[in-house]
Amino acid sequence: MQEHDAARVLVTQARGKTGAPLTSLLVDRGDVEMLGGTSDPARLDLRGVTPVLFAWDRPETWAPALEDVDAVYLVRPDWEDAPEIIAGFLAQTEPSARIVFLSEQDADYTAPDGWSPRNERAVREGSQSWTILRPSWFMQSLTDDRMFGGPVLSDGELPFPAGDARVAWIDARDIAAVAAVALLDEGHDGQTYEITGPEALSLPETAKALSEALDRPVVHRDLTIQQALGDSVGFARELDRLTFERVAADRFAPVTDTVRQLAGRPPRRLRDLRSGS
Ligand SMILES: NC(=O)c1ccc[n+]([C@@H]2O[C@H](COP(=O)([O-])OP(=O)(O)OC[C@H]3O[C@@H](n4cnc5c(N)ncnc54)[C@H](OP(=O)(O)O)[C@@H]3O)[C@@H](O)[C@H]2O)c1
């Protein structure tokens, strides 16, 4: 990127849980030309962001979205062929562009030929300048009505298969804070960061913290993994099954210091989910 020019940054999934707060942080930096990738530009209304048509299932949208871009925040599609899709996308990206890729905590859980490691490998092999972010479960999944937020907000119930396991929930705004640093500051090339919240909570503790955050009662209801999978099918079902098995094995319980190290402040707590911006 030219030293005196504003960096031109494409944030894919700009309407998403990490994408939206990331655009806000980048706009606040003042030296960024901010492009927000979305499959529906008419619905993207974020301060200082130019909406750009971008859809993983429409490869013809990739090259126009990538024009003159210096850095990309890359959010994978949770599809079986994501590793091939990412490789195809990076083949169209300027080799010098900085890539910050959103992966997941403990991405090496399977053999090297597992889906998650193959996504990361596509980034490491397809880009000269990359940083991989491995976040734990997002706190905002608990209030997103496309995820657990439906029953949480309607019935005050958190149906989640966990047993005694704990999760170090991370606020998506803190992932965005780490991503902004990795995108714009020097020294993060070739790094892989595991990102978690400040504490690992059991699911009953999670429900209690959510109650405080929302100022309304929330109780945890334990399920079997089979029950949680419901009538989902195919790859999405397999991915969810594996993810819940990893929860049960406490793979999302380790707490890291990444937010403090990169953003210079402690990560947010679940009970503070609704406070601040
Ligand atoms: N959720 C977690 O706990 C978690 C943990 C680790 C990793 N991840 C990874 O993070 C990525 C994002 O996952 P996510 O499930 O949390 O999705 P998300 O970021 O909330 O949203 C993804 C996309 O869904 C579309 N969308 C449709 N309806 C929407 C609405 N009402 N509000 C906002 N966006 C809407 C948007 O794309 P359009 O603008 O194109 O419609 C948006 O960019 C995935 O790669 C996932 O594997 C998630």
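Rings of Phe, Tyr and Trp (its six-membered ring) pair if their centres lie within 6.5 Å, with planes under 30 degrees apart counted as stacked, over 60 as edge-to-face and the rest as tilted. The legends below describe a predicted model, in which local features need pLDDT of at least 70, side-chain atom pairs count only at pLDDT 80 or more, and totals for chains, interfaces and linings use all residues. Residues are numbered from 1 along each chain as its sequence is written, and side-chain values use heavy atoms, with hydrogens and water left out.

**View A. A cluster of aromatic rings.** Ring pairs join Trp137, Phe148, Phe160, Trp169, Phe244 and Phe252 into a cluster. Within it, Trp137 and Phe148 form a tilted pair, 6.0 Å centre to centre with 40° between the planes. Trp137 and Phe148 both lie in the loop between strand E6 (129-135) and helix H5 (149-155), so the pair ties together parts that are eleven residues apart in sequence; helices (H or I, at least four residues) and strands (E, at least two) are DSSP runs, numbered from the N terminus. Trp137 is buried at a relative accessible area of 12%, and Phe148 likewise counts as buried at 12%, where buried means under 20% relative accessible area, exposed over 50% and partly exposed in between (1.4 Å probe, protein chains only).

**View B. An edge-to-face pair.** The structure holds 14 aromatic pairs, among them the edge-to-face pair of Phe54 and Trp56, with 5.0 Å between the centres and 80° between the planes. Both Phe54 and Trp56 are buried.

**View C. Helix H1 and its surroundings.** In H1 (19-29), the residues Gly19, Pro21, Leu22, Thr23, Leu26 and Val27 are buried. What covers these buried residues includes strand E1 (7-11), strand E2, strand E3 (49-53), strand E4 and helix H6 (172-184), with contact taken as heavy atoms within 4.5 Å. Just after H1, Gly30 takes a positive phi of about 85°.

**View D. The largest pocket.** The largest pocket holds about 1,600 Å³ of space and is lined by 46 residues, of which Gln13, Lys17, Asp78, Phe138 and Met147 lie nearest its centre. On a 1 Å grid over the protein atoms alone, a pocket is an open set of points where a 1.4 Å probe fits, with protein on both sides within 12 Å along at least five of seven lines, and lining residues have an atom within 4 Å of a point. Helix H9 (234-248) gives the largest share of the lining, five residues.

Conventions:
Points joined across faces, edges and corners; volume = space filled by probe spheres on them.
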